[in-house]
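Me: I'm new to this one. Can you put it up and walk me through a few spots?
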Amino acid sequence: MTLETIREICRAFPAVTEDVKWGNDLCFCVGGKMFAAMDLNPPHGIGFKCTPEDFGDLTERPGVRPAPYLARAMWVQEEVHGSAPRRRDFERLLKSAYDLNAA
């Protein structure tokens, strides 16, 4: 997933804001709550919030792990660039992350 693809997906959701935190992470928020973050430095790894069901499924995939410091809040992180799901699946997962915080 490219940085521009992630921005395109996340910006399509209502009331999404983005800003850079921690010096190099592009963070996507709704209602002041972060639902996804992507490293601005190549290879642009990404982390996002997910449901408990998706958390279990995703962390069983090679290259995806519980996100450091945020796993208890059901966040996963792409450990190996390119291991994230396909775009269609990724759109669903980011929409779910957005919905969890927008509620």
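Me: What does the side chain of Thr2 make a polar contact with?
Reply: The side chain of Thr5, at 2.7 Å. A polar contact is a pair of N or O atoms within 3.5 Å; within protein, one must be able to donate a hydrogen and the other to accept it, and residues adjacent in sequence count only if both atoms are side-chain atoms. This is a predicted model: local features need pLDDT of at least 70, side-chain atom pairs count only at pLDDT 80 or more, and totals for chains, interfaces and linings use all residues. Residues are numbered from 1 along each chain as its sequence is written, and side-chain values use heavy atoms, with hydrogens and water left out.

Me: Where is the place of Thr2?
Reply: In the segment before α1, which spans 3-11. Helices (H or I, at least four residues) and strands (E, at least two) are DSSP runs, numbered from the N terminus.

Me: How far apart are Thr2 and His44 in space?
Reply: 7.2 Å, C-alpha to C-alpha. In sequence they are 42 residues apart.

Me: Which residues of α1 are buried?
Reply: Leu3, Thr5, Ile6, Arg7, Ile9 and Cys10. Buried means under 20% relative accessible area, exposed over 50%, partly exposed in between (1.4 Å probe, protein chains only). Thr2 is partly exposed, because its relative accessible area is 45%.

Me: What covers the buried residues of α1?
Reply: The cover includes β1 (16-21), β2 (25-30), β3 (33-39), β4 (46-49) and α3. Contact means heavy atoms within 4.5 Å.

Me: At what angle do α1 and α3 pack?
Reply: About 45°, with their axes 10 Å apart. Helix α3 is residues 87-102. Axes are lines fitted to C-alpha atoms, for helices over the stretch in contact, and angles run from 0 to 180 degrees between N-to-C directions.

Me: Which residues meet there?
Reply: Thr5, Ile6, Glu8, Ile9 and Cys10 in α1 meet Arg87, Phe90, Glu91 and Leu94 in α3.

Me: New topic. Where does Trp22 lie?
Reply: In the loop between β1 and β2. Trp22 counts as exposed because its relative accessibility is 59%.

Me: And Met74, what is its phi?
Reply: About 65°, so positive, although Met74 is not a glycine. Met74 is in the loop between β5 (64-66) and β6 (75-78). Met74 is partly exposed, at 25% relative accessible area.

Me: Last one. Is the peptide bond from Pro42 to Pro43 cis or trans?
Reply: Cis, with omega near 15°. Pro43 lies in the loop between β3 and β4.
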